[in-house]
Amino acid sequence: MANVDVSSKFHEAPSHPNEGPPFLEDADGKFERYWNRASFRFSHKLSGHPLFELDSLVELSRRMPKCADFAYWSNGTEGPGNHWGTRGKSLSLPDTIAGIAENNSLVLIKHAWQDEVYGPVLQSCLSEAVELCGEQLRDDVILGNATILIASPNRVTPYHIDWDCNFLMQIAGDKKLHVFNGADRTLLTVGELEGFCSGNINSAIYQPAREKDAAVYDLGAGDGVHVPVHAPHWAQNGNNISVALSVNYELRSEHRKSDLYQLQHWGRRAGLKPRGPERAGLAWKAAAVALRTARGLRKLIRPSNDGVPTRWQPS
Ligand SMILES: [Fe+2]
C-alpha cells in the first residue's frame with residue numbers, strides 16, 4: 001500500500017462538529033428497533049448541501065491522500081451479477097468524477113470525515129446514527145467510516161455483502177436499491193459467508209430467481225436505507241448522476257462471528273465438519289478467542305506502519 005500524503009488537509013477535522021440541526025431523521029424510532037436486524041427506510045437533510053456538488057467532490061479528490069485505501073473507482077459497464085474489482089480504471093479519479101455524467105463509472109471516496117472541509121458534516125452523521133440507535137450500538141462499535149458514492153446515470157452496483165452495518169443516504173439522483181435478508185441461509189449460504197470472512201469479497205453469488213425476495217427501495221434525494229451487516233444488496237441508478245453517503249460501522253459482535261466463520265472455513269478445508277457458527281461448540285468458540293488474542297498481540301508487537309489513519313470512534 002502506498003504511503004499517505006499527509007500534506008493534504010486531512011487529519012485536521014474538528015472533533016466536536018455537531019453544532020447545527022441534525023442531518024438524520026427518525027420520527028418513528030426505527031433506528032433503535034431495527035438496526036442490524038432488518039433493512040428500513042429513513043429520511044435525511046443532506047440533499048442540496050454544496051459539499052456534495054460535483055465541483056466540490058472533484059476538489060476533495062484532488063487534495064485527499066494518494067492512497068489506495070482512500071478511493072475506489074471503476075470505469076465501464078456493470079451488471080448485478082458482476083464481481084467487485086473486475087472493471088479497470090481507464091481515467092484518473094478527478095477526471096472520473098468530473099465526467100461522471102458520461103463515463104459510466106462508480107466512485108467511492110473513503111475517510112473524508114478526516115478532511116478539514118467535509119469533516120464537520122460527516123462526523124455529525126456518524127455521531128447522529130449512533131445516538132439514534134442507542135447504547136447497544138455505541139457499545140458494539142469498533143470503528144466508523146463515511147464513504148461518499150458517486151455514480152453515472154443507469155450505473156449498476158453489483159450484488160455483494162459488506163462486513164459493516166450501513167446507513168445509506170441518497171443525496172442527488174435516484175436509484176433502486178435491492179436488499180435481501182442476510183439471515184436466509186438458502187440465499188446466503190454458510191459456504192458463502194465462510195468464503196467472505198476468509199477474504200473472498202465476491203463469495204456471495206447473485207441468484208436472479210430470488211429477486212422476488214428482495215426489499216426494493218425507490219430512493220430519491222433525501223431518502224435513506226439501513227442495510228444490516230451481511231445483508232446482500234445491489235443497486236440500479238436512475239437516468240441521472242447519483243451522489244450518496246454511506247455511514248457505516250464495524251461491530252465487535254460481528255467480528256466475533258466472522259472469526260468463527262473463518263476458523264470453520266479453515267477447519268472444513270482440513271477435513272473437519274463444523275456445524276456453522278450459529279451452532280458452534282465451545283471448542284470452536286475458544287479457538288476464535290485464541291485467534292482474536294493472537295491478532296491483538298501481533299498488532300502490539302508489530303503495529304501497522306502503512307500510514308492509514310485511525311478511523312472514527314464514538315465519543
Ligand atoms: Fe454495499
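Among contacts between residues at least 6 apart in sequence, 83% join residues at least 24 apart. The model is predicted. Its secondary structure comes to eight helices and twelve strands. Of the 315 residues in the chain, 42% are buried.

**Confidence**

- The chain has an average pLDDT of 84. A score of at least 70 is reached by 82% of the residues.
- Among the elements of the chain, strand 9 has the highest mean pLDDT, at 98. Helix 8, residues 282-301, has the lowest, at 66.
- Residues 1-14 have a pLDDT below 50. Even so, this stretch has 38 contacts in the model beyond near neighbours in sequence.

**The largest nonpolar core**

- The largest nonpolar core holds 70 residues. Cys 125, Leu 126, Ile 150 and Leu 245 have the most contacts inside it.
- Helix 4, residues 119-133, gives the most to this core. Its share is seven residues.
- Domain 1 (24-251) and domain 2 (256-301) both give residues to the core, so it lies between them.
- In soluble globular proteins, nonpolar side chains tend to be buried together.
- Cys 125 is in contact with Phe 23, Leu 24, Ala 146, Leu 245 and Val 247, leaving aside its neighbours within four places in sequence. One of these partners, Leu 245, is also among the residues with the most contacts inside the core.

- Four strands form an open sheet, and their order is 6-11-8-9. The pairing is antiparallel.
- Strand 6 (156-160) and strand 9 (215-219) are the edge strands. Each pairs on one side only.
- From one strand to the next, the twist averages 15°.
- Strand 6 pairs with strand 11, residues 233-237, over three bridges. This pairing is in the antiparallel sense.
- Val 156 stands opposite Gln 236, which is in strand 11.

**Helix 6 and what follows**

- Helix 6 covers residues 190-197. Its buried residues are Glu 192, Leu 193, Glu 194, Phe 196 and Cys 197.
- These buried residues pack against helix 7, residues 252-269.

Terms used:
Residues are numbered from 1 along each chain as its sequence is written. This is a predicted model: local features need pLDDT of at least 70, side-chain atom pairs count only at pLDDT 80 or more; totals for chains, interfaces and linings use all residues. Two strands pair if DSSP finds at least two bridges between them. Helices (H or I, at least four residues) and strands (E, at least two) are DSSP runs, numbered from the N terminus. Axes are lines fitted to C-alpha atoms, for helices over the stretch in contact, and angles run from 0 to 180 degrees between N-to-C directions. A nonpolar core is a set of buried Ala, Val, Leu, Ile, Met, Phe, Trp, Tyr and Cys residues joined through C-beta atoms within 7 Å. A residue is buried if 20 or more other C-beta atoms lie within 10 Å of its own, exposed if 12 or fewer, and partly exposed in between; C-beta atoms are placed from the backbone. Domain bounds come from an automatic or database domain assignment. Two residues are in contact if their C-beta atoms, placed from the backbone, lie within 7 Å. pLDDT is the predictor's confidence in each residue, from 0 to 100.
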